[in-house]
Amino acid sequence: MAKRAVLIGVNKYQMPGADLRGCVNDVVNIKSTLVDLYGFDPNDIAVLADAAATKKAIEKEIVRLVKDSKKGDVAVLHYSGHGSNVPDDNGDET
């Protein structure tokens with residue numbers, strides 16, 4: 001059984017006044033918990049923080065997490081940051 005995780009934390013935003021303070025700390029703490037308490041290998045945990053957490057990078061890591069996971073594996077996805085709404089640009093949403 002493999003154990004993999006993608007952890008995303010965004011404190012710094014391009015919009016003035018939108019920065020957060022604890023999201024990257026959340027990721028650090030979750031990673032430590034996964035390694036120390038649940039036996040995850042640190043090499044099997046992808047961390048995307050602040051500027052590294054681009055749409056492209058997040059999508060790439062999520063696709064890899066799903067693709068590499070098999071029945072019986074443990075796959076963890078964690079996001080800490082602002083959420084937002086975006087327009088449906090291809091009509092696939094209700």
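Student: Among contacts in the chain between residues at least 6 apart in sequence, what percentage join residues at least 24 apart?
Tutor: Happy to start there, and keep in mind that this is a predicted model. A contact here means heavy atoms within 4.5 Å. Taking the pairs at least 6 apart in sequence, the share that join residues at least 24 apart is 68%.

Student: In what order do the elements of the chain run from the N terminus?
Tutor: Let's count the pieces before ordering them. The chain has two helices and three strands. Reading from the N terminus, the order is β-α-β-α-β.

Student: How does the reach of helix α2 compare with the span expected at 1.5 Å a residue, and what is that reach?
Tutor: Good one to check by hand. Helix α2 covers residues 55-68, which is 14 residues. At 1.5 Å a residue the expected span is 20 Å, and the first-to-last C-alpha reach is close to that, at 20 Å.

Student: Which residues of α2 are buried, and on how wide an arc do they lie?
Tutor: Buried means under 20% relative accessible area. In α2, the residues that qualify are A57, I58, E61 and L65. These four sit on the same side of α2 because around the axis they cover an arc of only 100°.

Student: What covers the buried residues of α2?
Tutor: Start from the buried set, A57, I58, E61 and L65. Their cover includes strands β1 (3-9), β2 (45-49) and β3 (74-80).

Conventions
Residues are numbered from 1 along each chain as its sequence is written. This is a predicted model: local features need pLDDT of at least 70, side-chain atom pairs count only at pLDDT 80 or more; totals for chains, interfaces and linings use all residues. Side-chain values use heavy atoms; hydrogens and water are left out. The expected span of a helix is 1.5 Å times one less than its number of residues. Buried means under 20% relative accessible area, exposed over 50%, partly exposed in between (1.4 Å probe, protein chains only). The arc is that of the directions from the helix axis to the C-beta atoms.
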